[in-house]
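Here is a short briefing to read alongside the model. Please keep the viewer open as you go.

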Amino acid sequence: MSNDIVTSLVQGVIICSATWVLWKFFRQWVVKSPLDNIPGPPSKSFLYGHLRDLLRLDYWEIHNHLGENYPGIAKLRGPWGSRMLYVFEPNALHQILVKDQYIYEEGRFFIRSNQLVLGKGLLSTLGEHHRKQRKMLNPVFSPKHMRHMIPMFYEVARLLGQAIESRVKGGPQELDMITWMGRTALEIVGQAGLGYSFDPLVRDKPDEYAAALKTFSNAMGKAAIPRRVIPYLPDIRFAGIGHKILEMFPHDGVKDLVKLSDILWTRSTEILTQKREALEKGDESVAAQVGEGKDIMSILLKANMEASGDDKLSEEELIGQMSTLILAAMDTTSNALGLILTRLAEHPDIQQKLREELIDADADKGLDFDALMNLPLLEAVCRETLRMSVDLPILQAVFRETRKDVVLPLAEPIRGVDGKMIHEIFVPKDTTVVAGLLNCNRNKALWGDDAYEWKPERWLKPLPTAVAEARIPGVYANLMTFLGGGRACIGFKFSQLEMKVILSVILPRFTFEKSEKSVVWNLGGVRYPAVGKYGGKACLPMKHLSTEAYLHNTCGDRAALTLGKYGIHFKKLPHTSRSFTRFAAQLPGVLLHNQRGCFMKDAPPPKVRVETLIANIEFHIGPLPSHAGILRHTLAVMSGPDGNLQDVVALDSWSFHDHLVENYPGIARLQGSFGSSILYVFDPHALHHILVKDQYIYEEARFFVRTHELVLGKGLLATLGISLSSSYFTLYTNNNQHMRHMIPTFYSVGRLLLRAVEARLLAGSDEIDMSEWTGRAALEIIGQAGLGYSFDPLIDEQPNQYAAALKKFTYAIGSVAIPRRILPYLPNVRFAGIGRAVLKLVPHDGVKKLIEISDTLWSCSTTIYNEKKRALELGDAAVTQQVDEGKDIMSILLRANMEASQEDRLDEDELIGQMSTLILAAVDTTSNALSMILALLAKHPDVQEKLREEIIQAHADQGLDFDALMGLPYLEAVCRETLRVYAPLTQVFRETRKDVVLPLAEPIRGLDGQLIHEIFVPKNTTIVAALMNCNRNKAIWGSDAYEWKPERWLSPLPATVTEAKIPGVYSNLMTFLGGGRACIGFKFSQLEIKVLLSLLLSKFTFEASDQPIVWRMGGVRYPSVAQSGDHKASLPMKVRLLHVGK
C-alpha cells in the first residue's frame, strides 16, 4: 500500500513538472500578452526566436533593421516563442537603466555566467550586494585618483612605443595592433589597477595570461546561447561533477570559458596573496611593489581593512573584483583603441590633424590629466568612435529581466499593431528587455541623417538640439556606450585616460595604414577584429611607419629657413622631423611650401609658392627691406612697447579702426608688444576660418580667458575646447521655445521701468540717465528670467550694490586692456593669500576695481546658487515659491545638470561661474545697445515717430506674444541696423594654438608687389577679429555702410552681403560672433531690447541732452558725458511723456 502511495506521488510530481514545463513553453502561443500589440519583425526560428540573430558574431542586419524601421521600441521573439522587448528610445532607457533599475535587473544568465567565470565582482552581483561593492570602489575611479595614475599610464605607453619602434626601424612593417593594444592595456591595468606587472612588452608573444584573456571575447560570443544553460550547472571553479560536466560540454566556447576561468582565478589569487602580505609587512614593503601602493587594489584592500563589518568585502569578492577589473579594463579598451586606429587609417587627414594637435601640445612628453582630457580633436575622435557609427560598437546591447510587472512610459506614442496609439507599455514579470545601446547612439532622429557616419568634427561644435532635449541617460557624453544608472561602467574615466595616453604617445611617432588583409569585426562579448572570417582569433594587422621616415619619403631631405639680416636662406637640420616642425613653428619669418605642404629644399624664391607669414619678421631681428615678402598692408605705426595694441583697445580709438577699414582690404598687419605682429582681420572668408572652421586652432586669447576666469569664474567666457562645448551644450536652453515662456517676465520688468521713469518725470526731473535705468532694467530681467531672483525693483533712486558694481565693469575692463595681459599669470583673485596681496599692490585703478567687482559678483552669485539648490532639494513646492516659479534659465540648468551624465555634469564652481557670466554678459551688452538705439532715435526723430506708430498700432505696449513682437518689421530693422553699425562688441582677440594657413577670399598685394592668396600664421600669433569693421565694410554693404539707415533692412540686402557668407549667427552680421564661441544669449538680448523699446516708445519721447555725449570703447561700447572726466557710463536724455491722444 505504501509503495503504491509513493509511486503515485512520484508519478504526480513527474506529471505536474512535465505539465509545468510544457505550459511554460507553449503558453507563449496560447495566452495573449500586452506586448503582442507592439510592432516588431517576424521571427525565423521557434527554438531561438531572434536571440540567435542578436548574438551571432556576424549579425549586424537585425540591429540595422531595428534602428532604421522602428521608433525606439520593438517586440522580438525569444526562445520557444517567448516575447522580448527591444528598446533604444532615450526616455524608455532612462526608466529601464536609471529610474526603475531595480525592477529591470541584469539577466540571470548574465549574472550567473559572469559569477562562474569572474567570481563575485561588480559584473556578478545585484541589488544591495552590488551597491556595497560599488560604494567601496567609487573613490578609486574618481578623476582625483586618475590624476595620480597618469605617470603609470605614460610609462607603459612608452614601452609600447619602444616595442613598435624596434619592429619598424628597418622600414614599414605590418603588426597585429590588437595584440599589442591588448598587452598594453593588460600592463596598464596590471600596474595602475593591481600594482603588478604582467608583461614588459619586450617579447614578440604575450605570456599565457595575456593570450588567454584575448580569447575571452571570442569565447563569450561563441557561447552566447549555451551561456543560458551554464548558470543552472554547479560552479566551474570547484572540483566535482559540475566541473567534469562542463569539461565534457560539447562546445568550444564553453571549454574556453572553463580554461579562462581557471587562469583568471589562479593568477588573481596569487596577486591578492602578494598584496596582502605586503600590506601586513608595512609601508616599505608596499612601496617596493609595482605602483608603490597607489594602485586601485592596494587602496581597495586598505579601505576594506578599515571598513565596517557590513561594508567589508569577502576574500572571494576581492578576487572577483580583480578578475573583473582585469578583464573589463583590458578587452573593452584595447578593442576600442583598435577601432580608433582603424578609423584613423581610413581617414589619414584626421590622423594627421590629430598628430599635429598632439605634437603641438607635447602630449607624448606627458601631460597632466586636465590638459590631456581637454585636447579637443583627441576628445572628438574618442567620443565619435565610442558613439559607434554603423559598424563600430563596443557593446551593441545589454539584457535586462523584469523582476515584477511594470509600466514603461514612452516619450512619444507609437502606433500599435491594432492601429491605435500606445502611450505606455505594460511589461509582465520575467520579460527579457534588450537595451539597444548601439541604436541609441546612432539614432537618426537624434543625431541627424549622418548618424551612421564617423565624423569627429560633430563634437567640435554644439550637438544637435535633439540630443540635448533627449536627455540620454548614459554617464558619458550623451552616449550609451558606458551605460547609465547604478550599473554604469565604473571605470569609464580609466578607459578614457588609457586610450588618450596611448594615442598621445604612438601617433606622434608612427603612421598607421590599413593592411591588405580583410578584417571583419565580430559581435562578441565586446566588439573585436579578426582576419578573413567571423569567429576567428582576435587580430588587427596594420602597416606602420615612423613619422620621421614618412616625412623623409614624402618631402625628401629635411630643411628649414633661417633669417639673414636682409632676407631668407635655407640650412639643413640634423634634428628629427618633429624637432624641425617645432623649430619652424617659431620662425619669425616666411615659410616656403610646395603644393603638398612639405618644406622645400634650396628652391629659388621665384619658383616657390610663397605663403606669407603675417610679417612677423621684425619680431627679433628688426625690419627687413620691402623685398622680403612681408605684407604690403602693414601699419608702420610704433607707439612704444605696446605697438598698435593701445590704438586697438583705447577708449577713444574709433579713428584708428576707421583708418583700417577704409584703407585695407579685409586684412592688415599691426605691431604688437615689443615688435611682435598682430593680424587684424575683417574679411568674411578669413573670419569664417578663424571663428568657425578652425576655431580650435584660433582659440580665445589666454589673457581674455584667464581674466574672465579670475573675475567671473569658470563660465562660458572662461573655458576652452571640450570644456566650452560641454558648458555650451548644457546651457543650450536659450532657444525660441524657451523665450516664448519668458516674455511675460520681460514685460513685467519693463512696466517697472516705465513707472520708475514716469515717477522721476512727475517729480520734476529735466533729464534722466537712460544708461543707468536701462542697465538696472536689464539686470532685473536677467535676474528674474535668468536666475529666478530679484535684484532691483526699480524703485530707489540709486541702484543696489550689485548693479552699481556691474556698471563699473565696462570701464574697468577697458582701462586694464594692457595690464590684463599680466593678470593671467597671477593667482586667482578670489582666494586669499599672496596672490591677492600682489594684485592689491598693482598700481592701477582698473585692476583694483576688477577685484571689487569680482568679490561682489562671486558673493551674490554664490548666495543665489545656494538658494536655488536648496529649493530644488526641497521639491516643487519650494521651487514655485521663487521668482519666476522655477522657469528661469538657472533652475532649468540646475535640473538638467542633476540629470546630466557624469561626463557632462558641471561642478559647483562652473555653475556659479555660469551665473556671473550670464548676468554680466546679459546686462552690459544689452543695456548699452538699448542706450545706443535711444540715442539714435533722439537724433532721428522721424525714425522715432515712425517706430512709435508701428508699436502703438500693434498694441505692443499691452504685451505681444514672442512671434508677434519679433515680427514687427520696422522694430526689427531699427534693431538690426543699430547692431550693424554700432556693434556693442567691436572686436575679439584670438591666439593661434599651432601653425596654420589662413586662406583669403580675394588675394591681396604684398610689399614685393606679388599677390598673396593665403597667409601662413605661426603658433602663438595674436589675431584681432574686427567685428565692427566687417559689419560696415563698404565692399560688402555699399558706399553708405557707415550710415545708420534702418530702411536698408526693409528690402533685399545687396547681393554682395549674401555672397560674402558672413559667419555670424545673426542676420549676416558679426555682432554676436559665429562658431562655437558665438553669443549663446543673442535671442534673449533681442527679445529684451524689443520688449523695453515697445514699452518706452509707447509712453515717452526721447531727445538728446545738451550735454555732449561720447561713446567709448571699453569691454563693450558705452556712453559717457564728455566733460565729466571720470569716463563713467552715463546717457542723460530729455524724456517727455507723450501728449494726450498720441
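Predicted model: local features only at pLDDT ≥ 70, side-chain atom pairs only at ≥ 80, totals over all residues.

The expected span of a helix is 1.5 Å times one less than its number of residues.

**The chain overall**
- The chain holds 45 helices and 28 strands.
- Its length is 1142 residues, and 59% of them count as buried.
- Among contacts with a separation of 6 or more, 73% join residues 24 or more positions apart.

**Helix H32**
- Helix H32 covers residues 770–787, which is 18 residues, so it should span 26 Å at 1.5 Å a residue; the end C-alpha atoms lie 24 Å apart, in agreement.
- How many of the 18 residues of H32 are buried? The count is 17, so the helix is mostly covered, given that buried means under 20% relative accessible area.
- After H32 comes Gly 788, which has a positive phi near 65 degrees.

**A nonpolar surface patch**
- Phe 46, Leu 47 and Trp 80 make up a nonpolar patch on the surface, and together they have about 250 Å² of accessible area.
- Trp 80 sits in the loop that links strand S1 (73–77) to strand S2 (83–87).
- With a relative accessible area of 33%, Trp 80 is partly exposed; patch members need over 30%.

Technical notes. Residues numbered from 1 in each chain as written. Heavy atoms only, no water. Patch = residues over 30% accessible without salt bridge, like charges linked within 9 Å, V, L, I, M, F, W, Y side chains within 5 Å. Areas by Shrake-Rupley, 256 points an atom, 1.4 Å probe, with all protein chains shown as cover. Salt bridge = Lys/Arg side-chain N within 4 Å of Asp/Glu carboxyl O. Helix = DSSP H or I, 4+ residues; strand = E, 2+ residues; numbered from the N terminus. Buried < 20%, exposed > 50% of the residue type's maximum accessible area, 1.4 Å probe, protein only. Contact = heavy atoms within 4.5 Å.
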